[in-house]
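Biologist: I'm new to this one. Could you pick a single spot and walk me through what surrounds it?

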Amino acid sequence: MKSFFQELRLVPRIIWPIALMATSAIWYLFFWAPRSWPITRTEVAFLAWGALIFFAWVVMIGYIYSDSRRRGMRHIMWTMLAIFIPYFIGAILYFVLRDPLLVACPKCTANCRSTFVYCPKCGAEISPACPECKRAVEPTWNRCAYCGKELIS
């Protein structure tokens with residue numbers, strides 16, 4: 001549960017009051033605005049769940065914006081897709097297709113994709129590479145999965 005709250009810290013601080021105000025406005029428009037009385041418990045429950053889902057959606061949009069920036073992705077594009085593709089499909093697509101987290105280069109501390117073998121800024125080795133085909137390999141591999149060359153440990 002600790003990592004969930006750490007991830008929530010990515011949501012920009014301005015999003016929380018925006019989500020609260022937007023949810024309050026929806027609550028006011030549909031519940032307190034002049035309408036026929038009495039309101040049934042079903043209507044109140046439906047409105048409460050709808051407001052809660054809307055609040056979560058606004059917070060999720062803020063999270064997608066920050067998380068995509070952190071991962072070096074096109075954050076504006078992913079935020080717009082999450083907003084405008086209906087039924088949470090844009091958000092689901094983001095979580096399915098998002099890139100892995102960036103890693104820091106051990107030499108120059110530039111942010112690099114974890115799939116890179118060499119740093120694009122300084123050329124330092126970020127992850128182990130096959131001596132034959134120069135592709136990234138796992139440290140526990142005995143042979144390269146791409147060319148079959150035996151790896152020297």
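Modeller: Start with the side chain of T79, which reaches the backbone oxygen of H75 at 2.7 Å. That is a polar contact: a pair of N or O atoms within 3.5 Å, where one must be able to donate a hydrogen and the other to accept it, and residues adjacent in sequence count only if both atoms are side-chain atoms. Keep in mind that this is a predicted model, where local features need pLDDT of at least 70 and side-chain atom pairs count only at pLDDT 80 or more, while totals for chains, interfaces and linings use all residues. Residues are numbered from 1 along each chain as its sequence is written, and side-chain values use heavy atoms, leaving out hydrogens and water.

T79 is in helix 4, residues 75–84 (helices are DSSP runs of H or I, at least four residues, numbered from the N terminus). T79 counts as buried because its relative accessibility is 8%, and buried means under 20% relative accessible area with a 1.4 Å probe, protein chains only. Leaving aside residues up to four places away in sequence, T79 touches I61, I64 and Y65, with contact meaning heavy atoms within 4.5 Å.

I61 and I64 also belong to the largest nonpolar core, which has 7 residues in all, with M73, W78, A82, A91 and Y94 making up the rest. Such a core is a set of buried Ala, Val, Leu, Ile, Met, Phe, Trp, Tyr and Cys residues joined through side-chain atoms within 4.5 Å. Helix 3, helix 4 and helix 5 (89–97) each supply at least two residues of this core.

Technical notes:
Buried < 20%, exposed > 50% of the residue type's maximum accessible area, 1.4 Å probe, protein only.
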